[in-house]
Amino acid sequence: MKRPLTFYLIFLITNSLFAQIAPAVAKYDLAKRRLLIQSCSTYLFNANQGAIDVDSAVVVACKAYKLPVSLSYTEGFSDDTKLIGSEFVDKGNITSVLKLLAKSKGEDQIKLLLQLGSFYLFKPGTKPQDLKNAKLYIDKAVLASNQSKIKRLQHQSLLLLGKYYYQANNQPEGKKIFLQVIHECRKQNDKLGLAEALDAYGTLLFNLDPEKEKILQEAVSLYASLGLEEKRIENYTKITTIYFWTNKVNEAKKRLYQNLVDLRKIGFTHEQFAETTIAYIEMAMHNIPNALYYALKSVKRMDAEKDYTFGDIFYMRLGDVYNHYGHHEEALELYKKSIEIGQHTIDTGTWYKSFYSAVAALSLKGKTKEAIVYINSMTEKHPPKSTFDKMSVAYVKANSYDEIKDFVKAEKYFKETAYYAQQLNGPETFREVVHEYIIIALFYIKINKPQEAKFYSDKAAALLKNNDKYDSHALQLLRYKTDSINGDFKGALERFKDYKKIMDSVHGVDKNKQIDELKIQYETANKEEKIKLLNDQDKLQKSELRKSKLLNSVSIWSLVLLLVVIALLFNRYRLKQRNHAKLEIKEKEINQKNINLKHLLDEKEWLLKEIHHRVKNNLQTVISLLNSQSAYLENDMALSAIKNSQHRIHSMSLIHQKLYNSENISTINMPNYIKELVEYLRDSFSLGQRIRFEVKIDPLELDVAHAVPLGLILNEAITNSIKYAFPEDRTGMIYITLETIAENQYVLTISDNGIGFDLNLNNKKANSFGMSLIKGLTDDLDGKLTMENNNGTILKIEFSQEFPLNQKRKMI
């Protein structure tokens with residue numbers, strides 16, 4: 001759903017921008033161009049904290065990189081081929097599109113209707129006429145696609161209709177349509193259609209909706225299984241955004257680092273949006289080296305890519321890092337660069353933040369009066385437009401007047417700050433609103449107005465009630481002063497310790513030393529290059545002089561050396577002739593021995609394969625005997641025991657089959673083995689889509705001594721989850737991972753999102769045969785077994801490979 005349009009494109013880019021794709025983007029295929037639009041627009045929307053709607057952010061991103069806006073919404077019904085009428089839609093020439101629509105039929109007609117519906121639906125802002133036009137063409141697309149009976153176009157038309165209802169504030173109707181498409185895709189086993197439907201639905205849900213992460217995670221898994229890596233990364237990023245705005249900052253940071261790894265794997269070089277976000281998070285967590293490293297890296301990447309499209313963003317972030325840690329002069333220069341770029345290129349809204357950050361930097365330098373003159377002149381020329389910017393300008397003015405002890409004006413602007421703050425209630429502005437209420441409360445404590453201080457302190461506390469992860473030095477200072485006023489001196493002492501701890505982490509001597517070192521490395525890089533060049537030139541001149549002096553000496557000694565070399569070569573030739581005859585005899589003997597050894601080795605491998613084949617056949621015979629025996633049993637427990645035995649034997653049989661069919665007869669490829677075992681169990685229990693599996697196995701090869709216990713453990717754990725975790729035919733997920741945590745150290749995890757296990761199990765239940773078998777097999781591996789309840793059952797086994805594969809080969 002769109003947010004109100006309080007910020008739009010101030011700087012209009014002419015149509016000539018579409019004449020040629022930006023050089024930094026020309027190297028990308030269609031999927032990566034769409035990923036670039038999503039990465040850029042998502043960053044712009046989040047960075048502007050609700051001051052720009054989603055569609056305006058997309059328009060800015062497309063025009064910045066000279067890409068058609070239609071790329072952002074035609075993905076479901078367009079591939080690399082040219083869409084009919086797309087050139088007219090991109091230019092907004094609707095008259096020509098309608099003429100073309102009147103002549104078109106079949107798929108072309110439906111795709112034109114979808115383009116027209118999307119064009120009006122995703123225009124920046126929410127205008128009633130645009131929504132009316134969007135509904136007209138979407139309804140026509142739904143009707144035409146139903147008549148054509150082309151499932152993909154039917155689904156795309158319905159998804160667009162669902163998006164329309166969300167933008168028209170009719171979420172129940174939109175949800176109904178999305179769920180209809182999702183249900184149909186599941187029924188038809190249409191993985192791509194299901195992924196697109198989940199993607200579209202999950203994207204429109206609020207970040208605070210608990211269903212959003214679950215829906216997008218399923219889309220991530222589906223895109224991964226289809227090999228659509230760009231779409232997987234896009235949806236992975238959307239989940240990261242949820243974590244960011246719900247204050248799960250550590251989780252968001254880990255995912256951002258993983259996002260950088262994923263982008264490098266697919267050759268996507270526009271990583272600066274993730275890097276600048278990491279810099280912001282690391283700065284908020286007082287991690288100076290990482291914050292400065294990634295802020296500098298985003299600027300360097302901009303230089304390397306020669307892509308200064310959003311330079312104001314990256315200069316502002318680097319300025320924030322410097323300003324936050326007391327390097328106000330450098331910060332001010334970077335803010336000025338950001339303002340200059342923002343005012344003369346595309347207006348992303350960032351340069352205005354740089355403007356009031358520059359005011360703060362001036363004030364922190366002790367030039368508060370100059371800062372006040374600057375802010376008054378700038379706001380007169382460029383008045384703030386969004387509520388957030390109005391709040392921020394008032395806040396900066398209040399702090400400036402407070403700094404020069406003009407408390408009357410300071411109070412006036414603090415009240416203005418609070419007026420705008422109460423209008424901002426989204427998660428995107430939560431941190432700033434809380435911080436400013438805290439600073440206002442501290443101001444009133446300073447001027448001895450305790451009632452007003454309590455009023456704003458209570459406002460901050462009310463917002464923090466449902467978000468206990470927020471922390472800052474200002475919050476601890478307010479709590480310290482509040483406890484002191486209330487006479488709680490013990491509590492005040494603890495709060496003061498917390499306050500000092502945070503301040504020391506920000507302004508400590510070691511921290512300033514770190515930032516100085518990193519700053520010097522960056523700022524002297526160009527100077528070092530120049531010095532190196534001068535040194536090289538000096539060395540070149542000296543080398544020329546030495547050459548002229550040594551030329552005569554070299555000429556004489558070269559003749560002498562040449563004679564010596566000729567003599568040595570002749571002697572070497574004679575020795576080589578004698579040795580060559582001896583080597584030929586030895587070589588014949590070695591070749592014959594190698595032929596004999598190879599024959600013996602081939603014979604040995606054949607025999608081993610035959611043994612594995614026979615063991616596999618014997619185990620299959622045992623399974624068949626058990627199956628025959630079960631036909632004569634009526635006791636459910638006996639039947640269950642036989643079934644379990646068959647599964648266990650099959651897990652061992654599968655290993656011998658793998659060894660027989662593999663070129664390598666000493667190790668098992670674990671990803672293939674585990675996936676086949678999971679498929680066998682899924683088919684054995686006839687699960688259908690009721691229980692789904694997510695399998696993530698590192699590319700490992702383990703020997704039989706490890707593979708057999710692991711297969712049996714997997715069989716027991718998965719069977720238990722299928723039988724007991726989802727009673728009454730519930731749906732659910734079973735997750736299986738095998739990963740390397742250190743050299744020759746591995747961890748196997750089998751978890752589900754079922755009902756979990758009962759912590760008050762009696763000893764008999766806890767020591768059932770299945771658990772006894774798992775424990776015994778874990779002991780065979782010299783492993784460590786842990787079980788826990790966490791939204792289901794989690795079973796972990798950590799084990800090591802006693803003799804690594806490469807060492808074994810060396811021993812052999």
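Figure 1. Rings of Phe, Tyr and Trp (its six-membered ring) count as a pair if their centres lie within 6.5 Å, with planes under 30 degrees apart called stacked, over 60 edge-to-face and the rest tilted. By that rule, this predicted model has 20 aromatic pairs. Take tyrosine 164 and tyrosine 165: their ring centres are 5.3 Å apart and the planes meet at 65°, so this pair is edge-to-face. Both tyrosine 164 and tyrosine 165 are buried (under 20% relative accessible area with a 1.4 Å probe, protein chains only; over 50% is exposed, and in between is partly exposed). Elsewhere, one aromatic cluster is made up of Phe407, Phe414, Tyr437, Phe443, Tyr444, Phe455 and Tyr456.

Two notes for every view: residues are numbered from 1 along each chain as its sequence is written, and side-chain values use heavy atoms, with hydrogens and water left out. Because the model is predicted, local features need pLDDT of at least 70 and side-chain atom pairs count only at pLDDT 80 or more, while totals for chains, interfaces and linings use all residues.

**Figure 2. Two arginines at tyrosine 236.** A charge sits over a ring when NZ of Lys or CZ of Arg is within 6 Å of the ring centre and within 35 degrees of the ring normal. Arginine 255 puts its charged end over the ring of tyrosine 236, 3.9 Å from the centre. Arginine 232 also lies over the face of tyrosine 236, at 5.9 Å from the ring centre.

**Figure 3. Helix H13, residues 249-265.** Helices (H or I, at least four residues) and strands (E, at least two) are DSSP runs, numbered from the N terminus. The buried residues of H13 include Arg255, Leu256, Asn259 and Leu263. What covers the buried residues of H13? Among the elements in contact (heavy atoms within 4.5 Å) are H2, H12, H14, H15 and H22. After H13 comes glycine 267, with a positive phi near 75°.

**Figure 4. The largest nonpolar core.** A nonpolar core is a set of buried Ala, Val, Leu, Ile, Met, Phe, Trp, Tyr and Cys residues joined through side-chain atoms within 4.5 Å.

**Figure 5. Strand S4 and its partners.** Strands pair if DSSP finds at least two bridges between them. S2 (691-697) and S4 (732-742) run parallel over 7 bridges, with glutamate 694 bridged to tyrosine 735. S4 and S5 (745-752) run antiparallel, joined by 8 bridges.

How values were computed
The expected span of a helix is 1.5 Å times one less than its number of residues.
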